[in-house]
Amino acid sequence: METQRPDAAQKRYKFKELKIYSSTEWLADNRKKYRQVFEGKKVSYIYAELSFYNKAFDREVWDLSGELRCYEVKSNKKKIAELPFKKKVSKHDHTVFIREGWGNKKEGSYWKKGTYCWEAWVDGVLIGTKFFYVEDYAIGDKEEKDPPAKLVSVRLYEGSYDDVIEEERVYLTRFASNATRYVYAEIILDNKMNTANWYLEMFVRFFNSSRDLKGQIIRLEKIEKNEHQIKLTAGWGANDYGSWNPGLYSIDIVFLEHMVASVDFEIGEDFVVGVPTLKAGAVPYLLDQYSGYPEKRESDIIQEFNDLIGLEAIKKQVNDHFRYLEFIQLRIEKGFRESDKINLHAAFKGNPGTGKTTVAKMMGAIYKKMGLLSKGHTIEVDRGDLVGEYIGQTAPKTKEIIEKARGGVLFIDEAYALARANDDSKDFGKEVVEILIKELSNERGDIAVIVAGYPKEMDFFLNSNPGLKSRFKHQFDFSDFMPQELFEIAMLKAEEKEITFNDKSKALLREIITRAYRDKSKTFGNGRYVSDLLDKAKMNMALRIMSRKEPAKLSKSELSTIIVADIQSLVQTKPRRIPELPIDELMLEAALAELEALIGIRQIKTQIYELVDIVRFNLRNNRNVLDQYSFHSVLMGNPGTGKTTIARILGKIFKALGLLERGHVVETDRQGLVAGFVGQTAIKTAEKVDEALDGVLFIDEAHALSAYGQNQNDFGGEAIQILLKKMEDYRGRLFVIVAGYTENMEQFLKINPGLSSRFDKTYVFQDYTPEEMLEIAVSISKNEGYKMTSSTENLLLDYLRELYRGRDKHFGNARTVKQIVLEMIRRQNLRLSTIENDEISPRQKSTLEVADIQEVKSIKEAEMPNRVSIGFK
């Protein structure tokens, strides 16, 4: 801020400027490198330059006196320097300069982070004030801190004096001379010091082709903490068209006296949409070190791409893609008008470790060499990097990632995780997809989005939104590597890890890789599997060598050679140690007593008693019963027939017999196994299996896992596949019990050939008879503290017989009985509520009368017509 007293104009001088600098280097026209932000560790003295016009020019010589005062500005001003000056002003000096400085000649020893100001006083009058800021960030040498911000992109656009809102900007590399007013530079930086407030001073200088300075804009910004991205704009020109002559121009970006980057642009006959190539300055302090491909010639990168092991179909497809892009560029250069924008976006489909990320990085580098991208770096993200945890977080998070990738490749791994099941409207992944579609349609461009993941899941993802498939026109299928290719990759990675194999260990490695290929599933890791294999072999080599005496005396060959013993253990399956658990007779007696106390289900009880006898017989004869039986069971029956109760009792019996270490029962259903979005069902199912290990996994209404072929995108089938594998992998440690309606469960067991063979025991639960249901009703009322009169029981039995005769496959059995009893208790309470408390005997309070069941029956019968009228019989 600069101020001037009104009476100053009446004196022999007129205040011009108060400027600040730290470098003593002289520039043309008696200028210095003026700044307002300084790095405390890099500055010794900070100077103030007072300049004013000599109103007595060419008339007289006169004397001037005053002070330059420096203050530290906190809650109030603290004076740190007062430097008086006296000067005899010559009548030949049109402009007069006074310069004084304060600090210490040793850099970094005096100035600390804070806000300061210089004040200029002449003849006791304050004529000017200038604030400046000292920061404690450091740049330059590797030993020092990282730069406070890193440059993401510089893009150019045309606009008026009032600038252009971001949504309406069209980014250009060439401007039409007769239609250009201001040329604006949009500068985006990542804030690396987002835990504190700090000041950024950026100089944006516009030059013509002969490096004449056309204009300079200084941006002084207070950067707030938690501000992750910094956006600045700076424009030069005039509000009238025609102020720019045809020719080449450049823009330099200067920070802390260093030119950190530059971009070129052209003024010509018409506008050309695009993003200029960003050139690093002599010392690229602010340029971010993105993960990208090393700077090489286009031909070298393509050759390196073609030298990759395997991927023959991908190589042909990618090379054809590059040739087509070159063809389009050639047509544009020859004056053809290509109506379609060059599309760089792609979908990579393939299993893990098939080279998708490597190819993406190479494509980014080649796109840059072709002039299609300005930087060519690659930003790798997944769902977690894009989706916020709360409402309102996803959009800014995604947009920030997009800006980081601007100029290069945004590689979204497991992109299918952004697309949930069609009935889930609350997932924030949909918001990411919508933002991506908007970005893919944006004229701003300068980005290639590559989405990647498993083939089937990626097909679902691309079909989940009508706009996705049309924007990802280039689809690349990455096949699994062949065994010979995997072995070749292993040898290449071994060279990188500086390990070798002798003939025998090499042959065994080839055999292991071939066996893994034959047994592979859709999650097979390909190159990642091979890399992990080598890491484990290297670890075994290290353990073998370090167990020897004086390993330091071994040769380099001995320290790098993998022998058969180092990889033999990688394929040896250790036999599971089965704990010898004797039968816990007390626990078994209690579990069987609980079983026997259940009403009805005589056939089920008999089957369980036989199961106990079979286990006892095998244990008595020292046979491993777990080798003969899997104990996976199917429980079929209508609701309320006791299936869940029996599953819990079976868990106790299995534990008492010593078949399971824990014997706990983990209860779940479709919702607990199937995820809302593709790719996550396997994880969710595996977690539930892990939770049930050494116990029972009880899946109620298991038939809901099957879509009966009606929905190809249903993920229940994936859960079934995972379950089948886990049942085999954890044989003896996991007993799976599935339950559901009889008819549905029969269909469920038929949908997959492996299902019915995995379950060696089936329990069919019949509906309770009316007499058994009455017994259940009496038991429930007793547990609730009530009893029924004999007349009530007779009337209730008649009602239960009516229900039994009219039952269907959805009949509730014991659940229906419980509802009736609880409603009878409610009716009894309402009936007694009309009588004074002292008139009610204890027997009346605990007795369910005929009136109570009659009331319940009337209510139920009254509900029946309504139920029938809204549906189909």
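1. A definition to start: Ala, Val, Leu, Ile, Met, Phe, Trp, Tyr, Cys and Pro count as nonpolar, Asp, Glu, Lys and Arg as charged, and the others, Gly among them, as polar. With those classes, the lining of the largest cavity has 11 nonpolar residues, no polar and no charged ones. Keep in mind that this is a predicted model.

2. Rolling a probe the size of a water molecule over the atoms shows where empty space is left. Here the count is three cavities of 30 Å³ or more. The largest cavity holds about 60 Å³ of space.

3. Which residues line the largest cavity? They are Ile699, Leu705, Ile720, Leu723, Leu724, Met727, Val736, Val738, Phe748, Leu755 and Phe759. Helix H19 (716–729) and strand E29 (734–740) each supply at least two residues of this lining. The largest share, four residues, comes from H19.

4. Next, a parallel sheet. Five strands form an open sheet, with parallel pairing, in the order E20-E21-E22-E19-E23. Strand E20 (378–381) and strand E23 (474–478) stand at the edges. Each has a single partner strand, so one side of each is left without a neighbour in the sheet. Neighbouring strands of this sheet are turned by 20 degrees against each other on average, direction ignored.

5. E20 and strand E21 (residues 409–412) pair in the parallel sense over four bridges. Ile379 has Leu410, in E21, as its bridge partner. Helix H7 (residues 455–463) packs on the sheet. H7 touches strand E19 (346–350), strand E22 (448–453) and E23. The direction of H7 makes about 150 degrees with that of E19.

6. A second sheet is antiparallel. This open sheet has three strands, in the order E1-E3-E6. Its edge strands are strand E1 (13–21) and strand E6 (95–103), and each pairs on one side only. Neighbouring strands here are turned by 15 degrees against each other on average, direction ignored. Strand E3 (residues 45–54) and E6 pair in the antiparallel sense over nine bridges. Leu50 stands opposite Ile98 in E6.

7. Finally, the aromatic rings. How many aromatic pairs does a search of the whole structure find? The search finds 27. One of them joins Tyr157 and Tyr171. This pair is edge-to-face, at 6.2 Å centre to centre and with 90 degrees between the planes. Tyr157 lies in strand E9 (residues 149–159), and Tyr171 in the loop between E9 and strand E10 (172–176), so the pair ties together parts that are 14 residues apart in sequence.

Technical notes: Residues are numbered from 1 along each chain as its sequence is written. This is a predicted model: local features need pLDDT of at least 70, side-chain atom pairs count only at pLDDT 80 or more; totals for chains, interfaces and linings use all residues. Side-chain values use heavy atoms; hydrogens and water are left out. On a 1 Å grid over the protein atoms alone, a cavity is a set of points where a 1.4 Å probe fits but cannot get out, and a pocket is an open set with protein on both sides within 12 Å along at least five of seven lines; lining residues have an atom within 4 Å of a point. Grid points are joined across faces, edges and corners, and a volume is the space filled by probe spheres set on the points. Two strands pair if DSSP finds at least two bridges between them. Axes are lines fitted to C-alpha atoms, for helices over the stretch in contact, and angles run from 0 to 180 degrees between N-to-C directions. Contact means heavy atoms within 4.5 Å. Rings of Phe, Tyr and Trp (its six-membered ring) pair if their centres lie within 6.5 Å; planes under 30 degrees apart count as stacked, over 60 as edge-to-face and the rest as tilted.
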